[in-house]
Amino acid sequence: MKNLLKSSLVALGLIVSANAAEKIVVGATPIPHAEILEATKPLLLKEGYELVIKEFNDYVVPNLATQDGEIDANFYQHLPYLNEFNKNKGTTLVHTAGVHLEPMGVYSKKIKNINELKNGDSVAVPNDPTNESRALDVLASAGLIKLNDNALKTPLDITENPKNLKFIEVETAQTPRALDDVAVAVINTNYALNANLNPTKDALVLESGTNNPYTNYVVVKKGNENSPKIKALDKAINSDEVRNFIKSKYNGTILPAF
């Protein structure tokens, strides 16, 4: 009876603690960002914060929601995308903690080896500037095309295309669905995982993690980066517990960046 009473009091204490905690609302794409954020919840609760995760399935709305103050922060993007977004949308978003790298990969339902691509085959690439440029770099690393030295590349920046590949630009989140219609698609790892694709097993080509600029960051509106709740979030998401979670959960398909 005493043990039962003790357990009930502990449970009640946790409920009261959660109800009394200040909320941190963070926008994220479902996999892996929301999963990684889930691992920070107990750490933040100990610091007096209740983490509320709001899931999004695109790359635009969570940035606008952060800028407008609808959410405290977001977690889903790398710096090249953030910088381009600020420039194009006039937003004042800044990055805080770097968390992980998601190697971009080339996938197919029609071929088993990248060398099986035929003359005139179609290739789906993301249509936002930074991810399209990144996708083309991945294809160039595989020797399929050659590119000029422009910072942000589009198919117009291809200087050599020996297989006359046809490039189909699709909304980034829809690249896995394009696999039914193209020979190969270049897909961000979070969307690949969401489509039950395993980067280390299913990707025909996988981006190198060496000196990679595409680490994913926590992002907030400028002026909020030093607020107590964001400092607490950054500390939790860069903890040993979260590093170990990333390593054990994703088995190398996603790499800790801290």
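What follows is a short exchange on this predicted model.

Biologist: Which strands stand at the edges of the open sheet of 6 strands?

Modeller: The order is β2-β1-β3-β12-β4-β13, and the pairing is mixed. An edge strand has a single partner, so one of its sides is left without a neighbour in the sheet. The strands placed like this are β2 (49-55) and β13 (255-256).

Biologist: Which residue is the bridge partner of Gly-27 in β3?

Modeller: Look at strand β1 (residues 22-28) and strand β3 (residues 73-78). They run parallel and are joined by 3 bridges. The partner of Gly-27 in β3 is Asn-74.

Biologist: Which strands stand at the edges of the open sheet of 5 strands?

Modeller: Read the order β9-β6-β10-β5-β11, again with mixed pairing.

Biologist: What angle does the direction of helix α5 make with that of β6?

Modeller: Helix α5 (residues 129-141) packs on this sheet. It touches β5 (105-107), β6, β9, β10 and β11. Its direction and that of β6 make about 135 degrees.

Biologist: Which residue in β10 stands opposite Val-123?

Modeller: Strand β6 (residues 122-126) and strand β10 (residues 184-187) run parallel, with 2 bridges between them. Opposite Val-123 stands Val-184.

Biologist: Are α2 and α8 roughly parallel or roughly perpendicular to each other?

Modeller: The axes of helix α2 (residues 30-46) and helix α8 (residues 228-237) come within 9 Å. They cross at roughly 115 degrees, and the crossing is right-handed. Angles from 65 to 115 count as roughly perpendicular. Therefore α2 and α8 are roughly perpendicular.

Biologist: How many nonpolar, polar and charged residues does the contact of α2 with α8 have?

Modeller: From α2 come Ile-36, Leu-37, Thr-40, Leu-43 and Leu-44. They meet Ala-232, Leu-233, Ala-236 and Ile-237 in α8. By class, the contact has 8 nonpolar, 1 polar and no charged residues.

Note on methods: Residues are numbered from 1 along each chain as its sequence is written. This is a predicted model: local features need pLDDT of at least 70, side-chain atom pairs count only at pLDDT 80 or more; totals for chains, interfaces and linings use all residues. Side-chain values use heavy atoms; hydrogens and water are left out. Axes are lines fitted to C-alpha atoms, for helices over the stretch in contact, and angles run from 0 to 180 degrees between N-to-C directions. Helices (H or I, at least four residues) and strands (E, at least two) are DSSP runs, numbered from the N terminus. Angles under 35 degrees count as roughly parallel, over 145 as roughly antiparallel, 65 to 115 as roughly perpendicular and the rest as oblique. A crossing is left-handed if the near helix is turned anticlockwise from the far one by less than a right angle, and right-handed if clockwise. Contact means heavy atoms within 4.5 Å. Ala, Val, Leu, Ile, Met, Phe, Trp, Tyr, Cys and Pro count as nonpolar, Asp, Glu, Lys and Arg as charged, and the others, Gly among them, as polar. Two strands pair if DSSP finds at least two bridges between them.
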